[in-house]
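Hi everyone, thanks for coming.

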Amino acid sequence: MTAAPYNYSYIFKYIIIGDMGVGKSCLLHQFTEKKFMADCPHTIGVEFGTRIMEVGGQKVKLQIWDTAGQERFRAVTRSYYRGAAGALMVYDITRRSTYNHLSSWLTDARNLTNPNTVIILIGNKADLEAQRDVTYEEAKQFADENGLLFLEASAKTGENVEEAFLEAAKRIYQNIQDGSLDLNAAESGVQHKPSAPQGGRLNADSQAPKEGCSC
Amino acid sequence: MSDGEDSCTAATEGSTSPPGTPDMSLPVAMDTSTDVAPTRRARRRAESQPEIEETPKQQQQQQQQQEEKGEEPGQASSQSSQSSVAHTGWGYWGSWGKSILSTATATVATVGQGLTQVMEKAETSLGIPSPTELSAQLEEEHRQDVVMDGSNEADTADDLSAVGGAMGMLSSLSSVVQSTGKTVISGGLDALEFIGKKTMDVIAEGDPGFKKTKGLMSRNATLSQVLREAKEREQLQTTESDASEKKTVAHYGVMFDDFQGLSHLEALEILSRESEAKVRSVLTTLSGDELLQLRDELDFIKDSFALVEFDDEDVDEKKDEDGSEFEKEFMEAVEGLSVSATAHKLMTACRSACTNVSITNQRKEEEESERTTHSVEEVHAAAIRSLAELTARSIELFHKVAETTLFSGGCTEASVLSQLTVLLCKELSLLSKRFTSCLTAAGANEKADVLNPLITGVFLEASNSASYIQDAFLLLLPILQISHIKRNAEASQQ
């Protein structure tokens with residue numbers, strides 16, 4: 001039975017962007033299903049995933065828009081940036097070209113979202129240390145210069161995947177708390193559910209795996 | 001909700017039923033082949049109107065009779081009650097039911113129109129200048145009349161709603177309409193207020209997602225927003241009812257969201273809005289013959305969108321039991337759309353729905369020998385889940401069609417899309433009929449007030465599902481238009 005209780009106080013819209021083949025869909029799949037998808041088909045346009053996490057003692061539903069990385073989809077996927085509260089900008093640590101393209105992705109992200117959108121840089125495929133093509137320090141410096149959060153992660157092993165989504169959520173939540181993110185703004189990417197009852201109850205139904213939080 | 005139920009039980013117990021009231025405890029032999037299928041709200045609007053227009057004539061006759069006799073108001077009103085009561089059988093569902101249930105959205109508007117006509121017709125035929133004067137004039141001589149009408153009417157409406165959600169909604173609607181024509185004339189503006197409120201209540205009670213339909217009519221919010229709101233309300237209600245009772249009710253909105261139907265709809269709306277803006281801005285850059293020609297071309301595309309028409313009379317639940325016929329037609333229709341992955345997902349959803357139906361049917365047969373009761377809630381949940389999944393997949397399909405059309409620059413034929421829409425709506429209609437047959441079978445021993453709301457629920461959600469799919473289809477119009485403009489531009493550059 002999917003009669004889920006009303007068990008979250010906020011909805012955050014996320015987008016995942018970055019070159020083709022960096023593992024965007026695999027990160028999402030690892031995050032929502034806790035599984036590695038070895039032969040992931042190319043994403044067409046956008047696909048979706050959701051998961052409820054606990055952030056600062058509040059249940060937050062992440063509505064994740066996983067965009068296609070292929071250049072030919074770019075015109076269409078740009079339409080989806082608007083209203084994102086968080087953006088995961090992904091590159092592949094074993095392919096320098098994907099790192100080199102980051103400035104173009106960042107420009108899109110900055111231009112098409114609002115100034116409060118939290119952007120986190122993710123170096124994926126951290127499990128392939130032997131084939132590393134981009135150093136941690138280099139990427140960290142790029143992130144710092146551009147005011148981005150930064151993590152290296154592996155969709156395969158699951159390392160830092162949870163953290164990546166959570167770090168961005170924490171920052172967004174912090175922005176809400178200190179008032180820098182205006183929830184009433186049309187494109188904040190955050191929906192507040194003030195009428196939600198405590199939100200502490202989890203339903204023992206088929207949704208449970210999806211809703212499993214870090215607690 | 002609980003208010004309405006309380007008051008109607010009270011009324012049933014406390015009042016004597018008008019003559020001719022059918023025994024409420026009998027679930028009235030249900031004709032499962034009756035036609036309550038999802039249809040397009042807007043299109044049915046025209047159809048349901050004549051039926052409502054019947055009402056003013058009846059009311060006028062009654063009123064005139066009454067004027068002539070100047071007496072027996074009670075009798076007149078009990079006639080009115082009788083006629084509405086006679087319409088409460090499931091058999092009558094076929095005509096009234098179809099138009100009202102399937103047009104739950106449109107009904108508010110239609111009933112409103114009907115009333116205006118009642119007012120106007122009554123005024124012209126009786127030569128009465130205004131409702132206010134009318135009520136003042138008639139107040140004296142009909143004071144008693146009004147009082148009696150009022151009580152009778154309340155009895156009728158309440159008795160009827162006791163039958164259960166479905167019947168309650170339909171019959172109280174019709175009885176409200178019927179009796180109100182009269183009350184409007186004798187009672188003036190109060191009655192208008194009454195019917196407005198009553199109609200809203202009646203509809204809101206029967207349609208848990210009423211908020212969204214109301215929202216849709218005003219068109220102030222986007223569809224996905226409206227749906228989200230409706231879903232949130234449902235979730236709230238679940239939490240509330242969870243606290244009081246343990247019973248689990250399947251929530252269409254929640255499931256629709258779980259299948260990412262809302263997200264795909266939101267994304268489709270974004271693409272549609274942006275394309276619409278682009279089309280407009282292109283039009284502003286053109287002038288003279290160029291503008292005229294493009295307008296013509298765009299209108300041509302628009303016209304092919306208006307042609308969607310599907311007749312649920314054709315839907316025969318006995319046909320295509322395993323869904324293979326639908327599968328064949330569907331795969332043919334999507335062949336040229338390059339959305340095979342999504343089409344495959346939809347097919348899977350459809351197969352699992354068909355499997356669900358046959359499983360529920362099988363269990364029913366076993367049950368006859370083993371006497372293990374199969375819960376109606378389970379069948380209902382399976383039905384709602386299947387409808388939600390198939391609808392979500394349909395929206396996803398249209399979203400993918402929009403994306404591929406935009407980036408490929410290919411020509412997507414509107415006729416193919418409208419054919420798809422019809423196909424999907426038919427399949428939903430078919431599914432809802434099969435599931436309600438299962439429900440009827442599974443709930444043979446249930447009381448009508450348990451079974452009927454569940455059946456209504458399935459029909460309502462099937463009807464809503466069809467509306468969402470048709471709305472999603474319409475969202476594709478600007479996308480096809482802008483893609484046409486792009487192709488034109490490319491052709492002229494070469």
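**A first look at the model**

Let's begin with chain A, which has seven helices and seven strands. Before I go on, keep in mind that this is a predicted model. If you follow chain A along its sequence, the pattern goes β-α-β-β-α-β-α-α-β-α-β-α-β-α.

How much of chain A is buried? Of its 215 residues, 55% are buried.

Next, a pair of helices. Two packed helices are described by the angle between their axes and the distance between the axes. Here I'm looking at helix 1, residues 24-33 of chain A, and helix 6, residues 161-177 of chain A; their axes come within 9 Å and cross at roughly 90°. With 65 to 115 degrees counting as roughly perpendicular, helix 1 and helix 6 of chain A are therefore roughly perpendicular to each other.

Which residues meet there? From helix 1 of chain A we have Leu27(A), Leu28(A), Gln30(A) and Phe31(A), and they meet Val161(A), Glu162(A) and Phe165(A) from helix 6 of chain A. Sorted by type, the residues of that contact are five nonpolar, one polar and one charged.

Okay, over to chain B, and one residue in particular. Where is Gln260(B)? You'll find Gln260(B) in the loop between helix 11 (252-258) and helix 12 (261-285) of chain B. Is Gln260(B) buried or exposed? Its relative accessible area is 10%, and buried means under 20%, so Gln260(B) is buried. Setting aside neighbours within four places in sequence, Gln260(B) is in contact with Phe48(A), Gly49(A) and Thr50(A).

Finally, a word on confidence. The model scores ipTM 0.85 and pTM 0.64. For chain B, the mean pLDDT is 65, and 44% of its residues reach 70 or more. Residues 1-57 of chain B have pLDDT below 50, and the model gives this stretch 106 contacts beyond near neighbours in sequence. Residues 242-247 of chain B also stay under 50, with two contacts beyond four places in sequence.

Definitions and conventions
Residues are numbered from 1 along each chain as its sequence is written. Chains are lettered from A and ligands numbered from 1 in the order in which they are written. This is a predicted model: local features need pLDDT of at least 70, side-chain atom pairs count only at pLDDT 80 or more; totals for chains, interfaces and linings use all residues. Side-chain values use heavy atoms; hydrogens and water are left out. Helices (H or I, at least four residues) and strands (E, at least two) are DSSP runs, numbered from the N terminus. Buried means under 20% relative accessible area, exposed over 50%, partly exposed in between (1.4 Å probe, protein chains only). Axes are lines fitted to C-alpha atoms, for helices over the stretch in contact, and angles run from 0 to 180 degrees between N-to-C directions. Angles under 35 degrees count as roughly parallel, over 145 as roughly antiparallel, 65 to 115 as roughly perpendicular and the rest as oblique. Contact means heavy atoms within 4.5 Å. Ala, Val, Leu, Ile, Met, Phe, Trp, Tyr, Cys and Pro count as nonpolar, Asp, Glu, Lys and Arg as charged, and the others, Gly among them, as polar. pLDDT is the predictor's confidence in each residue, from 0 to 100.
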